[in-house]
Amino acid sequence: MPNPILGVLFHWIGGFASASFYVPYRRVRGWSWEIYWLIGGLFSWVFAPWIFASLQTKDLLGVLSAAPADIWGLCVMFGLLWGMGGLTYGLTMRYLGLGLGTAIALSLCAFFGTLMPPIVDGSFFTEILPTTHGQIVLFGLFLCLAGICVIGMGGASKNNDLTEEKRREVLKEFDLKKGIWVAVFCGLMSSCFAYGLASGAPVQKLSAAAGTDPLFVGLPVLCMVLLGGALTNIIWCGYLILKNKTAGEVTQTHAREDGTRPKIGVNYLLCALAGTTWYFQFFFYTMGESQMGSYGFSSWTLHMASIIIFSSLWGFALKEWKGSRRKTLTYVFAGLLLLIASTVVIGYGNYIGGAGGH
């Protein structure tokens, strides 16, 4: 029987992994972004998914080879689109700043990633909207969106705490019109990961039929979706490597022009750690989704809320909010409380629904 409380816990662990993966990258020395992102990404999108799926599922290759071609196509396509959303997140921050950019992009990602799959398959109108527990889960989604927006207000308030000179330095490319379009694109494309996972539902059944533990039936689908995401990121990083002529950094040991000296072995280990940690967000996501019963669609909201909660806490740990006014901190803490409340409400809605209506 599914256990929504355990599912929420798994989503929290996944959110912590997602919020933490970039920390090892901060200690990489002497490598350009495209180099360490690509090397770490190979662990995120290729090595870790296939290794853990091989260890935790039965007959992985047999299951994937039995998956229909159209399912493969949908999973890879949505993974590719999700990769585009991830790459444009940086542009969103550049044009709108942390506060406004995060609020728009992540709100759209949470909303569309949560609601569109059940709307498309029809279960939203037949199993979610008419039921009390379904309405409670939707209220949890509303709390999540509100929490994201309030934390976004905190980010905007933090920008206002800066001097005019610092503000121009941080947001020297601020462009509201362009930023809104990029943020909408980013949010919509990023939500495609949820569509890819939903498209892979038949593969989960194949894996279950092969004898895989219910906790891990979603791992083969991750292999498929992340192949699409890998394609997008590899193409972009490859373009930057050719443009910036940085390919030689992977073996370079002498100091660069900025004085940084690469430690090749350490850099590779840090990238492997960062990439594997990134993958764990979805490793635990699939475990959490397996425990949410017929309300698995709510997993995307739990995932987004958990990421933002732990990302904000990392911000405090790294002193990114140091010197902020009380008003700014009030926004942040209020947003965190709303996000925590959303995970509790969603978990409760799944619980009283009997994890499938039983």
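Here are my entries, in the order I looked things up.

**Ground rules.** I'm working with a predicted model, where local features need pLDDT of at least 70, side-chain atom pairs count only at pLDDT 80 or more, and totals for chains, interfaces and linings use all residues. Residues are numbered from 1 along each chain as its sequence is written, and side-chain values use heavy atoms, with hydrogens and water left out.

**Overview.** I looked up the secondary structure and got 16 helices and zero strands. Those are DSSP runs numbered from the N terminus (helices are H or I with at least four residues, strands are E with at least two). Of the 358 residues in the chain, 52% are buried; buried means under 20% relative accessible area, exposed over 50%, and partly exposed in between, with a 1.4 Å probe and protein chains only. I also checked contacts (heavy atoms within 4.5 Å). Among those in the chain with a separation of 6 or more, 82% join residues 24 or more positions apart.

**H1 against H13.** Two packed helices are described by the angle between their axes and the distance between the axes. My axes are lines fitted to C-alpha atoms, for helices over the stretch in contact, with angles from 0 to 180 degrees between N-to-C directions. H1 (residues 4-20) packs on H13 (residues 264-289) at about 165 degrees, with the axes 7 Å apart. That makes H1 roughly antiparallel to H13; the scheme is under 35 degrees for roughly parallel, over 145 for roughly antiparallel, 65 to 115 for roughly perpendicular and oblique for the rest. H1 passes H13 in a left-handed crossing, where left-handed means the near helix is turned anticlockwise from the far one by less than a right angle, and right-handed means clockwise. Residues on the H1 side include Gly7, Phe10 and Gly14, and the H13 side includes Phe280, Phe284 and Glu289. By class, I get seven nonpolar, eight polar and one charged residues for the contact of H1 with H13. Here Ala, Val, Leu, Ile, Met, Phe, Trp, Tyr, Cys and Pro count as nonpolar, Asp, Glu, Lys and Arg as charged, and the others, Gly among them, as polar.

**H1 against H15.** The axes of H1 and H15 (residues 326-352) come within 8 Å and cross at roughly 150 degrees. H1 and H15 are therefore roughly antiparallel too, but the crossing of H1 and H15 is right-handed. Pro4, Val8 and Trp12 of H1 touch Ile340, Thr343, Gly347, Asn350 and Tyr351 of H15. That contact has five nonpolar, three polar and no charged residues.

**Aromatics.** I paired rings of Phe, Tyr and Trp (its six-membered ring) with centres within 6.5 Å; planes under 30 degrees apart are stacked, over 60 edge-to-face, the rest tilted. The count comes to 33 aromatic pairs. Trp33 and Trp37 are stacked, because their ring centres lie 5.4 Å apart and their planes sit at 15 degrees. They are four residues apart in H3 (residues 33-56), so about one helical turn separates them. Trp33 is partly exposed at 29% relative accessibility, while Trp37 is buried at 17%. I also noted one aromatic cluster formed by Phe10, Phe52, Phe216, Tyr279, Phe280, Phe283 and Phe284.

**Positive phi.** Which loop holds Asp59? Asp59 lies between H3 and H4 (60-66). Its phi is about 50 degrees, although it is not a glycine, and Asp59 is exposed at 52%. Lys245, also not a glycine, has a phi of about 55 degrees. Lys245 is in the loop between H12 (219-244) and H13, exposed at 75%.
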